[in-house]
Amino acid sequence: MKGAVTISVVIPVFNQVRSLEVTLAYFDLQSVPGAEFEIIVVDDGSTEPVALNEKDFGCSIRVIRQANQGRAA
């Protein structure tokens, strides 16, 4: 299926917004077109909630927020 999302990348984050921004910047360098993958960021109760503007990146980004429960949750 051309143009369908085929890869989902889940990134758990807790108070590491700068590291997250650096990681996401490298996804723009991938050989796979941004339309074929999505990034799901799980904010595990960070002191300052993660706020990302999807327009800044070449792929779909979704942020899910939850109360702090640890990476495994």
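## Contacts and exposure in a predicted model

A polar contact of 2.5 Å links the side chains of glutamate 38 and serine 8. The model is predicted.

User: What makes the link between glutamate 38 and serine 8 a polar contact?

Analyst: The distance is 2.5 Å. The cut-off for a pair of N or O atoms is within 3.5 Å. So the pair meets the distance limit for a polar contact.

User: What makes glutamate 38 and arginine 62 a salt bridge?

Analyst: Their side chains meet at 3.7 Å, N to O. The limit is within 4 Å, so the pair qualifies as a salt bridge. This pair links distant parts of the chain. Glutamate 38 is in strand β2 and arginine 62 in strand β3 (residues 60-66), 24 residues apart.

User: Why is arginine 62 called partly exposed?

Analyst: Arginine 62 has 42% relative accessibility. Buried is under 20% and exposed is over 50%. The value lies in between, so arginine 62 is partly exposed.

User: How many salt bridges does the structure hold?

Analyst: The structure holds 2 salt bridges. One of them joins arginine 18 and glutamate 21.

User: How do you know that arginine 18 and glutamate 21 form a salt bridge?

Analyst: Their closest N and O atoms are 3.6 Å apart. The cut-off is within 4 Å, so the pair passes. Both residues lie in helix α1, 3 residues apart, which is about one turn of the helix.

User: Why is leucine 29 called exposed?

Analyst: Its relative accessible area is 65%. The threshold is over 50%, so leucine 29 is exposed. Leucine 29 lies in the loop between α1 and β2. Together with Val22 and Tyr26, Leu29 forms a nonpolar surface patch of about 330 Å² accessible area.

User: How do you know that β1 and β2 pair?

Analyst: Strand β1 (residues 7-13) and strand β2 (residues 37-44) share 7 bridges in the parallel sense. Pairing needs at least two bridges, so the strands pair. Valine 13 has aspartate 43 as its bridge partner in β2. With helix α1 (residues 17-27), the two strands make a right-handed β-α-β unit.

Key:
Residues numbered from 1 in each chain as written. Predicted model: local features only at pLDDT ≥ 70, side-chain atom pairs only at ≥ 80, totals over all residues. Heavy atoms only, no water. Helix = DSSP H or I, 4+ residues; strand = E, 2+ residues; numbered from the N terminus. Right-handed = clockwise from strand over helix to strand, strands pointing away. Patch = residues over 30% accessible without salt bridge, like charges linked within 9 Å, V, L, I, M, F, W, Y side chains within 5 Å. Areas by Shrake-Rupley, 256 points an atom, 1.4 Å probe, with all protein chains shown as cover. Buried < 20%, exposed > 50% of the residue type's maximum accessible area, 1.4 Å probe, protein only. Polar contact = N/O pair within 3.5 Å; in protein donor to acceptor, adjacent residues only side chain to side chain.
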